[in-house]
Amino acid sequence: MGADGEGGGDGAGTGGGPVRPDLAELRARRALTEDAARPEAVARRHAAGGRTARENLADLVDAGSFVEYGRFAIAAQRGRRETGDLIARTPADGFIGGTATVNGELFGERAACAVLSYDYTVLAGTQGALGHRKKDRLFELIERMRLPAVLFAEGGGGRPGDTDYPVVSALDTRAFALWARLSGLVPRIAIVAGRCFAGNAVLAGCSDLIVATEGSSLGMGGPAMIEGGGLGKVDPDEVGPLETQARNGVVDVVAADEAEATAAAKRLLAYFQGTTPAGAAPDQAALREMVPERARRAFAVGPVIETLADVGSVTFLRERFAPELVTALARIEGRPLGFVANDSRHMAGALTSEASDKAARFLSLCDAFGLPVVSLLDTPGFMVGPEAEATGLVRHASRLLVGGAALRVPLIAVVLRRGYGLGAQAMAGGSLHEPLLTVAWPGAHLGPMGLEGAVRLTLRKELEEIADEAERERRVRELTAAAEENAKALNAATLFEIDDVIDPAETRDVIARTLRAAGTGAPADRPHPVDTW
């Protein structure tokens, strides 16, 4: 029988006849779960600049594709409130979820997805007893059906007011373990708008990507928990404001509002849904002028990525965190892939602890879901010195090497300008011969460390014997120039340290042809968790 009653055996409700009482009751109850049944709550949400959960889901999914689970659930508070009041005021127990298709116009049957949303208009989006049961059910279905998932996570965490179930600690709740267990199995995108604390924040934090709106606040404990812990009173918007969570790497993509966040989630999801028709290619000749001839002149690497990729296909991740290392999802000839790149405008492109973490986690994400990686090198190596070591650099730097060595997807390395030391090796999966292909642009230089530093270190005794400082520096420049000549990419290619030196304008085509030769690049059928950091 259809949801509207068509196909009933006795014809009730069709052809102008009377509607059966049971169908009429269903329709009335269903109407109470919709936004129109609570105009005041909806008006308050709109007045605050937000959208309702159902409005967000309608914007996310393809029209007519949503199959809802547990729509008639209500808050487990019958012991202290009238059932009719709960039906009217706590629809779906504040948690809406089900299956749908997203981006169906691009991917057809591959567009199947699980969609879930807390409803902030119901008890501030808190996690209720029935809501937890719904999550358990849906998370298990996600695992069984291998469905990507998008979660609107706004809400205040656990709900203390439910009375219908005996509970002491509620620490036997399974939802968090079930959601965490999906790591590496299916891609999960969380959207955070407004305030997202405690259990809601944990679900966001366990996700693979977090999109957050301006003005949002994300934290492991909300104001009540902070005050209860004796840590004073804190305004909700100051717990974990967006500017903090974007700068420290918690948030992957920043959006202006829920509409922009939803669009961003659809775009992110599409990278994991498969190949699209080939997109337009920017003018590749522009790449020849993007890297300055002067080795010490900084340049933005983002435009290089945008020129290599299909027009309009690039999404930069964690832009405000460790900006010396750029990560992005993009497409080349319609095929989704990841980019990692050094940005010389920050820390000269050196790999810091934060940059190493950012790159290692991104490699894990791409590897888990079969996205090839293109690494664009322009680095003097790992950052060194007492301040760098105080950040735990030894372990953080090693994370990138371990992550690169574990890659199961195709890796292609392109040395744009400087490739020095262990940092360059880490950017190339641990060795210049680890990628499927390692190429360099004609102005690139490679070496075991920065060339001027190497000159000063290895020829220290000779230089110290030159009394005149100006003459000593002239000799350093002379020796450095000789070292630069030796370190040219063309010279490295003569010893087969790299596979080729190419015209920058050929790079996109070389990448595309190499990936075609590599096949699908999908990892073996053994999921591994994606590091949350």
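Predicted model: local features only at pLDDT ≥ 70, side-chain atom pairs only at ≥ 80, totals over all residues.
The structure holds zero disulfides. A disulfide is a covalent bond between the sulfur atoms of two cysteines. For a pair to count here, the two sulfur atoms must lie within 2.5 Å.

Cys 113 does not meet this condition, because its sulfur is 18 Å from the closest cysteine sulfur, that of Cys 206, which is too far for a bond. Cys 113 is also buried, at 1% relative accessibility. For Cys 366, the closest cysteine sulfur belongs to Cys 113 and lies 19 Å away, again too far for a bond. Cys 366 is likewise buried, with a relative accessible area of 0%.

Side chains of opposite charge can pair when their charged atoms come close. The structure holds 28 salt bridges. One of them joins Arg 45 to Glu 154, with 2.7 Å between the closest N and O atoms. This pair links distant parts of the chain, its members being 109 residues apart. Arg 45 belongs to helix α2 (residues 39-47), while Glu 154 sits in the loop between β4 (149-152) and α7 (175-180). Both Arg 45 and Glu 154 are buried.

A salt bridge is also formed by the side chains of Asp 310 and Arg 508, at 2.9 Å from N to O. Here too the pair links distant parts of the chain, with 198 residues separating the partners. Asp 310 is found in the loop between α12 (302-308) and β10 (315-317), and Arg 508 in helix α21 (residues 507-518). Asp 310 and Arg 508 are both buried.

The side chains of Asp 85 and Arg 89 form a salt bridge with an N to O distance of 2.8 Å. Both residues lie in helix α4 (residues 83-89), where they are four residues apart, or about one turn of the helix.

How exposed is Arg 89? Its relative accessibility is 54%, so Arg 89 counts as exposed, the cut-off being over 50%. Asp 85, in contrast, is partly exposed, because its relative accessible area is 25%, which falls between the limits of 20% and 50%.

Definitions and conventions. Residues numbered from 1 in each chain as written. Heavy atoms only, no water. Salt bridge = Lys/Arg side-chain N within 4 Å of Asp/Glu carboxyl O. Helix = DSSP H or I, 4+ residues; strand = E, 2+ residues; numbered from the N terminus. Buried < 20%, exposed > 50% of the residue type's maximum accessible area, 1.4 Å probe, protein only.
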